[in-house]
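This report describes the elements, sheets, packing and chain contacts of the structure shown below. Please read it with the sequence and the model side by side.

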Amino acid sequence: MTITTASGKHIASTAMGFPTLFKKELLRFWKVSFQTVAAPVMTALLYLVVFAQVLQDKVQVYGLVPYTAFLIPGLMMMSMLQNSFANPSSSLIQSRVTGNLVFVLLTPMSHREIFSAYVLAAIVRGVVVGLCVWLVSLCFISLPLAQPIWILSFAIISCGIMAIMGLIAGLTSEKFDQLAAFQNFLIMPATFLSGVFYSVHTLPTFWQYVSHWNPIFYTIDGFRHGFFGVSDVSPWHSLAVVIGVFVALAALALRLLSSGYKLRT
Amino acid sequence: MHAVSFDHVSKIYPPRREGIKSWFSKPSGTGLQALNDVSLNIEEGEFFGLLGPNGAGKTTLISILAGLARASSGRASVCGHDVVTDYKKSRRALGVVPQELVFDPFFTVRETLRIQSGYFGLPRNDDWIDEILANLGLSDKADSNMRALSGGMKRRVLVAQALVHRPPVIVLDEPTAGVDVDLRRSLWEFIARLNRQGHTILLTTHYLEEAESLCGRIAMLKRGQIVSLSTTSALLEKFGGRSLEDVFIEIMKDGTTNSSEAQA
């Protein structure tokens with residue numbers, strides 16, 4: 001497609017704003033990587049030091065797996081999930097509050113382009129943080145890599161789920177306190193009660209049942225399966241759940257974007 | 001083909017209700033009627049002024065054109081492209097300088113312009129970006145972070161962002177609010193040059209002397225309706241050669257729609 005400008009010049013247009021929005025969202029977190037990458041790695045490291053020191057000799061999981069080794073994939077996934085959520089949600093709320101979201105809304109980008117750019121950039125941030133946590137954890141213990149394809153699959157899809165959750169939170173929140181409520185009353189409890197620090201088999205029956213209704217449980221359990229080859233539930237079961245949640249959330253987010261919910265009056 | 005067209009456009013903002021109650025019940029009340037059956041055509045190459053007091057509906061009209069708001073009824077188009085059904089083409093043809101001084105604090109001036117250009121599918125546009133920067137006196141600020149700029153400089157960047165994809169229609173929503181005399185002069189010289197090159201300019205401003213000297217045709221909005229639409233010279237002549245400010249005050253005081261004039 002070409003556009004003839006008033007001055008008679010022709011502008012070739014690829015009609016795709018997606019690569020630029022994707023790159024911009026990457027740059028946005030990369031420019032403050034001390035806050036967006038180093039800080040969550042530090043938090044995970046503190047959890048690792050404290051919990052591993054306290055429980056290393058007292059707890060063994062799946063029969064033979066030392067507690068420190070069991071904990072690391074959980075912490076990796078927790079960091080990935082939280083940062084995938086944070087990337088689009090903080091970007092959208094900041095753009096909305098400062099008003100510069102208008103520069104995205106004035107463009108010919110479709111709702112699918114906007115969705116893909118925000119979600120992919122958030123997945124990249126989540127995976128980068130997860131990799132950094134893993135690298136730091138090598139100082140403590142070397143993890144087995146039983147089935148890397150499961151590790152990669154669950155890392156990407158799980159980050160995708162939380163990226164879409166972050167997008168939905170950013171779209172529906174008009175103020176920082178609304179976003180904080182989303183984070184503190186939904187994301188944090190769902191993450192902490194999903195088996196990051198324990199195997200759900202150690203819980204009473206009732207809480208095991210409750211855990212199985214938490215989709216975050218399946219992201220962590222499937223991810224762990226990739227390292228140890230064992231998990232609380234079948235990785236295929238976990239994969240089916242996370243794909244189902246991903247598709248449902250994606251449909252909701254795309255609907256919100258296409259309708260201009262809280263974006264276009 | 002009109003550069004800009006509004007066809008019986010009305011806009012009613014529904015009443016808002018905050019909190020959990022809004023999830024379960026529809027808010028009561030009729031809402032705010034921001035625009036009431038506005039029809040207006042702007043031809044290619046025109047320098048058109050849209051005037052009116054605060055709350056008259058100017059920004060709502062521009063927002064509908066830019067796709068930031070949806071008309072409750074009627075339709076709007078840019079260069080023949082409907083802003084709803086053919087939004088990709090209509091937005092490519094439109095550059096908007098927003099009223100608020102908004103910016104992304106993460107980026108430098110050049111990065112901001114490259115990003116905005118990329119959104120329009122023009123990732124390699126540095127020659128034109130350099131030209132805009134030079135014309136707006138921003139060349140030496142190209143690598144400065146947006147946060148480090150003065151208000152006037154930020155306003156220039158907003159203008160540059162609107163021009164970065166070379167739109168044939170440029171909308172300036174109060175572009176000189178809070179801007180010093182020097183910048184105002186250089187900005188108008190640049191915009192006038194773009195207009196001479198064939199760009200259509202739609203300007204809203206509260207500085208009526210600017211509208212009088214720049215605009216070939218002027219529409220006045222009051223409470224969401226067009227109460228006057230005429231060429232600037234005919235308007236001034238009709239009121240006995242008084243200044244546009246006097247004419248504006250007179251029309252707003254009267255407030256009745258001159259239907260034959262408003263349909264022009």
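Phe176(A) is found in helix H7 of chain A, which covers residues 176-192; helices (H or I, at least four residues) and strands (E, at least two) are DSSP runs, numbered from the N terminus. With 13 C-beta neighbours inside 10 Å, Phe176(A) counts as partly exposed, on a scale in which a residue is buried if 20 or more other C-beta atoms lie within 10 Å of its own, exposed if 12 or fewer, and partly exposed in between, with C-beta atoms placed from the backbone. Although Phe176(A) and Ile93(A) are 83 residues apart along the chain, their C-alpha atoms are separated by 6.9 Å.

## Basis of the description

This is a predicted model, in which local features need pLDDT of at least 70 and side-chain atom pairs count only at pLDDT 80 or more, while totals for chains, interfaces and linings use all residues. Residues are numbered from 1 along each chain as its sequence is written, and chains are lettered from A and ligands numbered from 1 in the order in which they are written.

## Chain B as a whole

Chain B has 11 helices and 10 strands. Its radius of gyration is 19 Å, close to the 18 Å that the globule rule gives for 264 residues, so chain B is as compact as a globular protein of that length; the radius is taken over C-alpha atoms, and the rule is 2.2 Å times the number of residues to the power 0.38. The C-alpha trace of chain B spans about 60 × 50 × 35 Å along its principal axes.

Of the 264 residues in chain B, 46% are buried. Among contacts in chain B with a separation of 6 or more, 70% are between residues 24 or more positions apart, where two residues are in contact if their C-beta atoms, placed from the backbone, lie within 7 Å.

In chain B, an open sheet of 4 strands has the order E2-E1-E4-E5, with antiparallel pairing; two strands pair if DSSP finds at least two bridges between them. Its edge strands are E2 (32-42) and E5 (81-82) of chain B, each of which pairs on one side only. Strand E1 (residues 4-13) of chain B runs antiparallel to E2(B) and is joined to it by 7 bridges, and Phe6(B) stands opposite Leu40(B) in E2(B).

Helix H2 (residues 58-66) of chain B packs on this sheet, touching E1, E2 and strand E4 (73-78) of chain B, and its direction makes about 115° with that of E1(B); axes are lines fitted to C-alpha atoms, for helices over the stretch in contact, and angles run from 0 to 180 degrees between N-to-C directions. Because 9 of the 9 residues of H2(B) are buried, the helix is largely enclosed by the rest of the structure. Those buried residues include Lys58(B), Ile62(B) and Leu65(B). Just after H2(B), Gly67(B) takes a positive phi of about 85°.

## The six-stranded sheet

A second open sheet in chain B, of 6 strands, has the order E6-E7-E8-E3-E9-E10 with mixed pairing. Strands E6 (94-97) and E10 (225-231) of chain B stand at its edges with a single partner strand each, so one side of each is left without a neighbour in the sheet. The twist averages 15° from one strand to the next. Strand E3 (residues 47-51) and strand E8 (residues 200-204) of chain B run parallel and are joined by 4 bridges, with Thr204(B) in E8(B) as the bridge partner of Leu50(B).

Helix H10 (residues 244-254) of chain B lies across E3, strand E9 (217-222) and E10 of chain B, running at about 35° to E9(B).

## Core and chain contacts

The largest nonpolar core has 147 residues, and those with the most contacts inside it are Leu65(B), Ala160(B), Val169(B) and Val171(B); such a core is a set of buried Ala, Val, Leu, Ile, Met, Phe, Trp, Tyr and Cys residues joined through C-beta atoms within 7 Å. Helix H6 (residues 148-172) of chain A gives the most to this core, with 15 residues. Leaving aside neighbours within four places in sequence, the contacts of Val169(B) include Val4(B), Val78(B), Leu94(B) and Leu202(B).

Between the chains, 30 residues of chain A are in contact with 31 residues of chain B. H1(A) gives the most to the side of chain A that touches chain B, with 5 residues.
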